[in-house]
Amino acid sequence: MATHSHVLTDAASGTWVESWDAESEGFSEYAGPPWAVRKRTLRGGLSEGVDVVILDNGPLRAYVLPTRGMGLGWAQYRNVRLGWDSPVPDPVHPQFVNLEARGGLGWLEGFNELLCRCGLASNGPPGRDGNAPLTLHGRIANRPAGRVEYSVDLEPPYTIRVTGQVEEAGLFCGRLRLTATYETVSGSPVLTVQDVVENLGGQPAEFQMLYHLNVGAPVLAAGSRVALPFRELAPLTPRAAEGIDAWDSYAAPQAGYTEQVYVAEPLADENGRTLAVLHDPAAARGVAVRWAVRELPCFTLWKNTAAVEDGYVTGLEPATNYPNFRAFEREKGRVLTLPPGGRWQATWSLVALDTAAGVAAALEEVKRVQAAAGPVVHRTPQAKFSRV
Amino acid sequence: MATHSHVLTDAASGTWVESWDAESEGFSEYAGPPWAVRKRTLRGGLSEGVDVVILDNGPLRAYVLPTRGMGLGWAQYRNVRLGWDSPVPDPVHPQFVNLEARGGLGWLEGFNELLCRCGLASNGPPGRDGNAPLTLHGRIANRPAGRVEYSVDLEPPYTIRVTGQVEEAGLFCGRLRLTATYETVSGSPVLTVQDVVENLGGQPAEFQMLYHLNVGAPVLAAGSRVALPFRELAPLTPRAAEGIDAWDSYAAPQAGYTEQVYVAEPLADENGRTLAVLHDPAAARGVAVRWAVRELPCFTLWKNTAAVEDGYVTGLEPATNYPNFRAFEREKGRVLTLPPGGRWQATWSLVALDTAAGVAAALEEVKRVQAAAGPVVHRTPQAKFSRV
Amino acid sequence: MATHSHVLTDAASGTWVESWDAESEGFSEYAGPPWAVRKRTLRGGLSEGVDVVILDNGPLRAYVLPTRGMGLGWAQYRNVRLGWDSPVPDPVHPQFVNLEARGGLGWLEGFNELLCRCGLASNGPPGRDGNAPLTLHGRIANRPAGRVEYSVDLEPPYTIRVTGQVEEAGLFCGRLRLTATYETVSGSPVLTVQDVVENLGGQPAEFQMLYHLNVGAPVLAAGSRVALPFRELAPLTPRAAEGIDAWDSYAAPQAGYTEQVYVAEPLADENGRTLAVLHDPAAARGVAVRWAVRELPCFTLWKNTAAVEDGYVTGLEPATNYPNFRAFEREKGRVLTLPPGGRWQATWSLVALDTAAGVAAALEEVKRVQAAAGPVVHRTPQAKFSRV
C-alpha cells in the first residue's frame with residue numbers, strides 16, 4: 001500500500017521538527033479525500049515547548065500531545081467539540097508540573113486534556129505503598145514521548161495514524177514503555193486508540209492504566225445523560241452515594257460542588273466489547289467510548305459538575321482498575337503484573353456523535369447489551385469496589 | 001493618543017518572540033525623547049530560556065522577567081543601581097527550581113531579583129496549613145507569564161509600559177491570575193507597579209501578596225539608613241530584638257550574620273499614601289518606595305547584612321500581610337479572601353534617588369507624615385505581629 | 001603556544017551555540033594529527049535540550065554533558081566502549097528529574113552516564129541530616145553548566161580540553177562552584193579529569209565528591225575482574241558480605257540481583273598515586289582509573305550485575321568519602337569543610353585499555369603497589385566503613 005510516513009521526533013538520533021505540515025494537496029498523484037497531519041510547538045507561558053500533532057481526516061481534528069505522555073488535548077468533529085475547560089487553560093509542559101507538590105497532588109496543575117492516561121506503575125490517589133511514595137495518577141502524563149511518527153495510507157480507507165513512545169524508567173525503578181497510537185480514517189467520526197505497554201525490564205513489574213477521558217460543554221450540560229451496560233454499579237464514596245438516584249444524569253454547573261465518582265463492572269456484547277455513551281440534553285450530540293471488557297474490565301464515571309470556572313466536566317474512564325490507592329487495588333487483584341518482556345495492549349475508540357440518530361443508535365446498543373443481565377445499582381459503597 | 005504596542009508572548013495563540021528591539025529612532029514621525037523596549041531570551045546554564053523585557057526611558061532601565069512571574073531583575077537609574085548580588089548570580093529559570101526541595105525552601109535557589117512577588121495563594125515560611133503543604137513564599141515567582149505585551153505612548157508624557165499575565169491555577173487548586181504592569185515615563189526616576197490579582201475560579205479563594213523588594217550595594221553599605229513613618233514597629237523574632245536599637249541603620253557585611261526582620265504598621269499621609277526610604281551612608285543616593293496603606297497595610301524590613309558573597313541585602317517589603325505562616329496571618333485577619341470573580345489591585349512605585357537633595361526631600365516627607373502620630377518602637381516581638 | 005579556543009556557553013553574557021564543529025581540517029596552517037571538537041544539542045523526549053560536547057583526539061571520543069553537571073555520557077577508544085546500558089537509555093535533561101521524587105531517589109531516573117559526579121554539598125543516600133533533607137547523591141549532576149569553553153593546542157602534544165562551570169548555590173544554601181575540565185592529547189587512550197570545587201560563600205561549607213564511574217559491556221561480562229592495591233577492603237552491607245569471596249570477579253547478568261558494594265582504603269605508590277583496573281574475561285580489554293590517594297582517599301566498588309535490561313554495570317568510584325549517609329561520614333571525619341574562598345581539587349584519569357599487553361601492564365602495576373602492604377579483606381562490614 002502507498003503510505004506516506006515521517007518521524008517527527010526521535011530522541012535517540014536527535015530528530016525533532018519544530019513545525020510540520022503534510023497535506024493531501026501536496027501529493028500530486030493523490031486523488032482521494034482531503035487530509036492533513038500537522039505538527040506545532042507551543043510557545044510561551046506554561047505551554048512553552050509543548051508539541052502538538054494534529055490529525056485531520058476532513059471533519060475530525062484530533063490534537064495529540066506527545067509532550068504530555070501522548071495525551072489527547074482535544075478534538076473537534078463537525079459541531080461536536082470534545083474536551084473541557086479546565087482552570088488550567090492551555091497544555092502544560094511537564095517542566096512546570098511537580099508531581100510531588102501539594103502532597104502528591106501536583107498532577108492537578110497540568111490536567112486539562114480530553115484524554116489523560118493515568119499510569120503506568122500506578123494510578124489513583126497519592127500515598128505510601130510499602131516503600132514507594134506514589135503521586136496522584138502516576139507519572140506517564142508528564143513524560144514526553146521520545147519517538148513520534150505518523151503515517152497516512154494514500155489508498156482507501158485512507159488511514160491516518162500517529163504513534164508515540166513514552167518511557168517510564170529509572171535504575172531500580174522499573175522500565176515500562178507505552179507505545180500509543182491514534183488512528184482514524186478519512187471522514188470518520190471515530191478515533192481509535194491502540195496502546196501497548198511493555199515491561200522492558202528484567203523483573204516483573206506492576207502496571208495500571210486508567211483512561212481519564214474528560215468531556216465538558218457542549219456535550220455536557222444540565223440534563224445530559226450517560227449510559228452504559230453493566231452488571232453492577234456503586235458509588236465509590238459516601239459523597240457519591242448522596243447522588244445515586246441521579247447517577248446517570250447531570251446537573252447544571254454548581255459552585256462548590258464536590259466530585260462524585262461511580263464505579264461499574266461493564267457488561268459486554270457477544271464479542272466482548274462494550275460502550276459508554278454521553279449525550280447532551282437534546283440527545284442530539286454526544287460521544288461514545290467503545291472498548292473490550294477483557295482489556296479494560298473496570299469503568300469509572302467521574303462527575304464534577306462544578307462551576308464552569310472551576311472545570312465543569314465528567315470523566316468516562318475505562319481502565320484496568322478502579323481509582324483507589326494501589327495497595328487496595330492490589331488486594332482486590334486489580335493490579336496487573338507484567339513479566340519481563342511482557343506486554344499489555346488495549347484497543348478502544350472514541351466516537352463523536354453529531355446527530356440525534358447517532359445518539360439514539362448508541363443508546364439502543366447500550367440497551368441491547370444490557371438485556372443480557374439486569375443492572376444492579378448499589379446505593380452505597382461496596383467493599384469490592386472501595387474501602388467502605 | 002498615538003501608541004505603539006506589541007504582543008511579545010501569548011501562549012493561547014502560540015505567540016512568542018526570541019528577541020525584539022523597539023527604539024524611538026525607528027519611528028520616523030517621532031520627535032520626542034529617546035526610549036527603547038527590548039526583549040531578550042537568556043541562554044545557558046540556569047538562565048536557559050528566561051525572557052527579559054527591558055524598559056528604557058532614557059536614564060532609567062528596568063529589567064523585567066516575565067519567566068519569573070513578572071519579577072523585576074534589576075534596574076539602573078544614572079549612577080543608582082537597584083538590585084543586589086545574590087549567591088545565585090543570574091536569573092534562574094523555573095525548570096531548575098523545585099519549590100518542594102530543602103523541606104519547602106527550594107524557592108531560595110532561584111531568588112536574586114530586585115523585586116520578587118511572594119504569593120498568590122500564600123506567602124511566608126513552609127509548612128502544612130490544614131491539608132495544604134505550603135512552600136516558602138508561594139509559587140507565583142516561579143510561574144512564567146503566558147501573555148506579555150508592551151506599549152509606548154508616542155506623545156507626552158511618553159509613557160512606556162509592559163504588562164504580563166501569570167496564572168496560578170490547577171483543578172481543585174484555585175484559579176488566581178496576576179496581571180502585572182510596569183510603567184514609567186520619559187526621563188523619570190519612577191517605576192510604577194500596577195498589579196491586579198483576580199480570582200477566576202467559582203469559589204472564594206485566599207490570597208496574599210508580599211513585594212520582596214531587595215537592595216544591596218551601592219545604596220546599601222555600612223552606615224546606610226532606612227526611614228518610614230509608622231504607628232508601631234517591632235522585631236519579628238528574638239533574633240531581631242537583639243538589634244532593635246539599630247533597626248534603622250545598617251552594619252558592614254558580616255560573615256555568619258543571621259537575618260533580622262522588623263515589622264511595622266505604616267502611617268499614611270492625608271491621601272492614604274506612605275513611603276519608605278533607603279539611602280547610602282552619605283545620603284547621596286537611595287531608593288524610595290511609595291504605596292497606599294489601604295492596599296498594602298503591612299510593611300516588613302528584612303535586614304540581611306551577611307558577607308558580600310552570601311548576599312548583602314536589605315528588603316523593603318510592602319504587603320497585604322506579615323511574612324508569618326499563613327495560618328497565623330489568617331488568625332490575625334491578614335489573609336484576604338477574593339470572592340469568585342473578585343479582584344485585588346495595588347499601585348505603587350519605586351523611585352531612584354540620585355542626589356542628596358532627592359534623598360533629603362524624601363526623608364523630610366517621612367518626617368512630615370510621621371508627625372501625625374508618635375512612632376512606637378517595641379523592643380520585643382509583639383503577639384499581634386508574630387508568634388511570641 | 002598556538003591555541004584555538006571558543007566559548008560555547010556563557011550564561012552571564014547570554015552566549016550559547018546550538019551546534020558547533022571545530023576540526024583540524026579547518027585550520028589551513030595546521031599540519032598535525034586530526035582532531036575535532038563538536039557541540040550538539042539533543043532534541044526530543046527526555047533528552048530535549050541536553051548539550052553534548054564531543055572531544056575527538058583521533059582514536060578516542062569522549063561525550064561530555066554540560067547540562068548534566070559536566071558528566072561524561074560515554075566514551076569510545078578503538079574497540080573499547082566505555083559506558084553502560086541503563087534502563088534510562090538517553091541523557092536526561094534535569095527539567096525531567098525531580099530529585100525529591102520517590103522519597104529522595106529521583107536521581108535514579110536520570111542516571112545513565114559513564115561518569116556521574118555525586119556532590120557537592122552531599123552524596124550518599126537520602127535522609128534528614130539535621131535540618132537538611134538530603135536527596136540521593138546530591139544535586140550537582142542535575143545542574144547545567146553556566147559556562148563552557150574548549151581549547152585545542154595546535155602544537156604538540158596537541159592537547160584538547162573542555163571546561164565547564166556548574167553552580168550549586170542558593171540564598172542561605174551555600175555557594176559551591178565546580179569547575180570541571182576534561183583533557184586529552186592526540187591519539188591517547190587517556191582522558192584526564194581536573195576538577196576544582198570552590199566555596200564562593202562567606203561561610204565554611206561542607207563538601208563531598210564521589211566519582212560514580214560506571215562500566216558495562218563489553219568490558220564487563222561474566223568472568224571480568226577488578227583489581228586495585230588496598231590496605232583494607234570490606235563489604236559495605238551484609239548483602240555485600242554474601243559475595244565477599246568473589247568481590248573481585250563478576251558474574252553473568254542475573255535478573256533480580258541486588259547490588260553489592262565494597263569499600264576500600266587504596267594503597268598508593270611512592271608518588272601517592274594509585275589505580276583500579278577493570279578488564280574483560282579475556283583480559284584483552286579494560287579500563288584503568290588513576291588518581292591521587294591524598295585527593296581521593298576512599299574507593300567504592302559497586303557491583304550491579306543485574307539483568308542486562310535492568311542495567312548490568314559496575315562502578316569504580318574514587319571519592320572523598322564512602323557512600324554512606326552524610327551524618328555518618330561526618331562522624332568518621334570524611335566530610336570536608338571548605339573555608340570561605342577555599343578550594344579543593346583533584347586530577348585523575350581514565351585510561352582505555354585495548355590490548356592484552358595494556359591490561360597486563362596495568363595489573364602488574366597494581367601488584368607492584370600492593371607489595372608495600374598485605375591487603376586485608378574483611379569478610380563482614382566494618383564499623384569504620386559503615387553502620388554495622
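Tutor: First, a term: Ala, Val, Leu, Ile, Met, Phe, Trp, Tyr, Cys and Pro count as nonpolar, Asp, Glu, Lys and Arg as charged, and the others, Gly among them, as polar. Also keep in mind that this is a predicted model.

Student: Ok. How many cavities of 30 Å³ or more does the structure hold?

Tutor: Two cavities reach that volume.

Student: Which residues line the largest cavity?

Tutor: The lining consists of A:Leu60, A:Ala75, A:Leu82, A:Pro189, A:Val190, A:Leu191, A:Leu350, A:Val351 and A:Ala352. Two elements of chain A give two or more residues each to this lining: strand S15 (190–199) and strand S25 (343–353). S25(A) gives the most, with three residues.

Student: And what does that lining look like by class?

Tutor: Nine residues are nonpolar, with no polar and no charged ones.

Student: What lines the second largest cavity?

Tutor: That one is in chain B residues: B:Leu60, B:Ala75, B:Leu82, B:Pro189, B:Leu191, B:Leu350 and B:Ala352. By class, the lining has seven nonpolar residues, no polar and no charged.

Student: New topic. How many residues do chain C and chain B put into their contact?

Tutor: Chain C gives 28 residues and chain B gives 27.

Student: What area do they bury?

Tutor: About 2,400 Å² between them, with 59% of it on carbon and sulfur atoms. On the chain C side, C:Leu171, C:Phe172 and C:Arg175 supply 25% of the area that chain C buries against chain B, more than any other three residues.

Student: Why quote an area at all?

Tutor: The size of an interface is often given as the accessible area lost when the parts come together.

Student: How many salt bridges cross from chain C to chain B?

Tutor: The rule finds two salt bridges across that interface. B:Glu109 and C:Arg139 meet in a salt bridge through their side chains, at 2.2 Å from N to O.

Student: And how many residue pairs are in polar contact there?

Tutor: Nine residue pairs between chain C and chain B, both residues at pLDDT 80 or more. Strand S1 (3–10) and strand S2 (15–16) of chain C each supply at least two residues of the side that touches chain B.

Student: What classes make up that side of chain C?

Tutor: Its residues divide into twelve nonpolar, eleven polar and five charged.

Definitions and conventions
Residues are numbered from 1 along each chain as its sequence is written. Chains are lettered from A and ligands numbered from 1 in the order in which they are written. This is a predicted model: local features need pLDDT of at least 70, side-chain atom pairs count only at pLDDT 80 or more; totals for chains, interfaces and linings use all residues. Side-chain values use heavy atoms; hydrogens and water are left out. On a 1 Å grid over the protein atoms alone, a cavity is a set of points where a 1.4 Å probe fits but cannot get out, and a pocket is an open set with protein on both sides within 12 Å along at least five of seven lines; lining residues have an atom within 4 Å of a point. Grid points are joined across faces, edges and corners, and a volume is the space filled by probe spheres set on the points. Helices (H or I, at least four residues) and strands (E, at least two) are DSSP runs, numbered from the N terminus. Contact means heavy atoms within 4.5 Å. Buried area is the accessible area (1.4 Å probe) that two parts lose on being put together, summed over both. A salt bridge is a side-chain nitrogen of Lys or Arg within 4 Å of a carboxyl oxygen of Asp or Glu. A polar contact is a pair of N or O atoms within 3.5 Å; within protein, one must be able to donate a hydrogen and the other to accept it, and residues adjacent in sequence count only if both atoms are side-chain atoms.
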